[in-house]
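Reader: Please show me the structure. I would then like to ask about it piece by piece.

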Amino acid sequence: MIWSNTLITTSSALGLVVYTGDDTRAMMNTSKPRNKSGLFDMEINAYSKFLGGTSACLALLFTYLKGEVDQKSLVFIKFIVLFSSIIPISLKITIDMARYVYAYDITNNESIKGTVVRNSNVPEELGRISYFLSDKTGTLTKNEMEMKRVHIGTALFSEDTFHTMKNNLMVFLNKKKEEKQIFGRNKRDIYSRTYDAVEALSICHNVTPVTSEDGTVSYQASSPDEIAIVQWTESVGMRLFERQKTKIIIENPQKEHQEYEILYIFPFTSETKRMGIIVRNSNTILLIVKGADAVMHKLTIRNEWCEEEVENMAREGLRTLIIAKRILTNTEFDDFDKAYTKAKASLENRNEQIEEAMKSIEKDLNVVGLTGVEDKLQDDVKITLETLRNAGIKVWMLTGDKIETAISIAVSSRILTKDSFYAVLENLKDSDSLNRKFKEIERSSYNSLVVDGTTMSLILEYAFDRFIEYASKMDVVVGCRFSPTQKALVARHLKNKTKKIVCCIGDGGNDVSMITEANIGIGIVGKEGNQASLAADYSILKFCNVTELILWHGRNSYKSSSILAYLIIHRGTILSVLQGLFCSFIKFIPFNLYKGIILIAFVSLYTFFPIFSTVFTSDVTKETAKKFPEIYKELLENTLLSIKEFAAWNVMSFYQGTAIMIITLWSKQELFAISTITFTSLIINEILMVLLTISRINKYVVASCLVSIFIYMLSFTLFRHYFYLDQPIYIFIPKVLLINLVAISLMLIKWAIGYYRPDTSSKLESSQV
């Protein structure tokens, strides 16, 4: 059997049947992929455009100040070239190189072993996440199912009393032999009810038993729920002995084989939310259907206990399934067989005709049982979610489970805390009731919201923007009975409406659309395949890995890239300031202060290593970042690439460039010596800026600074024709040091203020030493 491109039942295959097109499950749960570019890229692009415009404006101004000359356009172009250094052309390349370093650090981090970076364009977005949208099954939970409750209408069985069900089956089978009765024809006592429920559960599934070479039998299926139920039926005596395309053989507690001929199978889909099977046994045709309560209530004969017990199990956090059956007459089956075969062969309105054929038999079903399966929480889920909340990240849970189950899991995982006061939007049918509920939310002090899929369909039609406006202000949002499309739409509109970074995490194919819509998509390698992990930006093995991925790697990436961007912009701006002042000094002649090869070496050799070394630094240790998640919140409240910071760095560049040029001119240097002394001062100034900008100096920073100085000294010696000195070296060096002392003075003052008035991260780091 092939399921989502994975061979799950055998080690060899004779053939392959491939279903393609837009109607396949994988395609229906997947939106069109898009190339993700982060908010960080948009910000540096905006600043680059501004600096490009500034370059053009300066060229126009200097062309005007030059006065009347021939070929003014040529003069303008020369000034454009002279001021082009203000445009950070190397910024994008350097950022991309830094991202490879970030990706290497993430993939080689033993604490989050198995993490894969599939998109290296968005590491900075990990450091500024505002909303964290999570799936439930397989993401917050292990997707390891275990049967906890079975209700058969007159009795509730749990783990402590499951052995009683096995005894009931033995009693029923003995009575059946003695009385020579066909099951289900006479009185409905607890023994026959037990048998009907267990028999239905042992037949209605898509599980296949697989025998390995050593003789051990294992079960394989498309869903862990199915395997859990079949394993449970085996534990109470009804073992799945064999399954073929046309028959199922069950071994009962008396070790007798009961054979069922498979007439039809109706697989589970996200639209129908149920599975059905028609089998023939001893000339009796049985229709067995199991599915979600919201769907099954419409198909079954109403009873007094089912709805109440579903809610009770859901409040315990159990995944519920209703199992029902109906005996079909030969005439009913023949009529259905003709209608269904005709519908399947139809080329027009096929789905509608199939649905009509199904309605003819899926009615007046008798509920034979209700199951409650537990899906245990993943390791450290509570701690992880609490840490994210302390970091200022709002956690939402979007799931396909019913509302009671979702609330129970939200409480047990601490998404909903004791301080949560939540409003419930459930089963709203029209816009008037929706408006009334919104007005109630406005008047009340709700800080959390629970909404189901039915209401979300109504919201999507009438008031989605209004919903996002309310929901974005809530601490927690829990979505229940959500379809994959609804998950994706919530992620998309939340991102677009709030302009904040949205991270989505999931493990299954139904989470792919949500993951691809988010600014950051994280996929967990799950039991249902690798669709989510392959579609995500980051693939992890455990949910708890997100703590280190976000709080440590994300924060470092964002801070390091921001520092890197500012230093590169500063380097280009100060160079343009020097060029502009020099041109002013020589009556606005478009003369290049530095030769082309010198400028290339300035960017690629003399200053590259110190500036790039900031990628290997961090302001706090990993332990501090994880122990005090509150420092992550500072990045959300204070944008690093803000207009204020950008303006401050440009003012600093203008001051330093002016100081270097004015002092050099004041010392009455020869024209060609100006180039050498200002260029040397530039290199020293950039190294000092790196040392004063980063919080902690490590071996990589020291080594890169020494390498940079060594390369410059070596080139100064080997390529003397590019440099000119009009005075001895013992006078040249003190003059350069004096110039840099004045130029760096403002940065020294800023550093001193930060030293005596440290920010939160510096205080925490010093307290840990």
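This is a predicted model: local features need pLDDT of at least 70, side-chain atom pairs count only at pLDDT 80 or more; totals for chains, interfaces and linings use all residues.

Author: Residues are numbered from 1 along each chain as its sequence is written, and side-chain values use heavy atoms, with hydrogens and water left out.

Reader: Into which domains is the chain divided, and how far apart are the C-alpha centres of domain 1 and domain 3?
Author: The bounds come from an automatic or database domain assignment. They give domain 1 (39-118 + 548-764), domain 2 (130-138 + 377-545) and domain 3 (143-375). Between the C-alpha centres of domain 1 and domain 3 the distance is 70 Å.

Reader: How many helices and strands does the chain have?
Author: Helices (H or I, at least four residues) and strands (E, at least two) are DSSP runs, numbered from the N terminus. Counted in this way, the chain has 30 helices and 22 strands.

Reader: What percentage of the residues of the chain count as buried?
Author: Buried means under 20% relative accessible area, exposed over 50%, and partly exposed in between (1.4 Å probe, protein chains only). Of the 769 residues, the buried ones make up 52%.

Reader: Which residues of helix α11 are buried, and what do they pack against?
Author: In α11 (residues 350-359) the buried residues are Ile-354, Ala-357 and Met-358. They lie on the same side of α11, because they cover an arc of only 100° around the axis, the arc being that of the directions from the helix axis to the C-beta atoms. An α-helix has 3.6 residues a turn, so residues three or four places apart point the same way. The buried residues of α11 pack against β11 (257-266) and α10 (330-345).

Reader: Which residues are buried in helix α15, and what covers them?
Author: Within α15 (residues 453-462) the buried residues are Gly-453, Thr-455, Met-456, Leu-458 and Ile-459. Their cover includes β17, α14 (431-443), β18 (448-452), α16 (464-471), β19 (476-480) and α17 (484-498).

Reader: How are the rings of Phe-582 and Phe-591 arranged?
Author: Rings of Phe, Tyr and Trp (its six-membered ring) pair if their centres lie within 6.5 Å; planes under 30 degrees apart count as stacked, over 60 as edge-to-face and the rest as tilted. The whole structure holds 35 aromatic pairs. For Phe-582 and Phe-591 the centres are 6.2 Å apart and the planes at 45°, and the pair is tilted.

Reader: Where is Phe-591, and which residues is it in contact with beyond four places in sequence?
Author: Phe-591 is in the loop between α20 (546-585) and α21 (596-606), and at 39% relative accessibility it counts as partly exposed. Its C-alpha is 7.9 Å from that of Leu-82, although 509 residues separate the two in sequence. With contact meaning heavy atoms within 4.5 Å, and neighbours within four places left aside, the partners of Phe-591 are Leu-82, Gln-579, Phe-582, Cys-583 and Ile-586.

Reader: Is Phe-582 buried or exposed?
Author: Phe-582 has a relative accessibility of 1%. Phe-582 therefore counts as buried.

Reader: Which residues do ring pairs link into a cluster?
Author: The cluster is held together in the listing by ring pairs. Its members are Tyr-594, Phe-602, Tyr-606, Phe-679, Tyr-712, Phe-716 and Phe-732.

Reader: What is the phi of Arg-414, and where does the residue lie?
Author: Arg-414 is partly exposed, with a relative accessible area of 42%. Its phi is near 70°, a positive value in a residue other than glycine. Arg-414 lies in the loop between α13 (403-412) and β17 (422-425).

Reader: How far apart in space are Glu-199 and Val-707?
Author: Glu-199 is in helix α6 (residues 190-203) and is buried, with a relative accessible area of 0%. In sequence, Glu-199 and Val-707 are 508 residues apart. In space, C-alpha to C-alpha, they are 77 Å apart.
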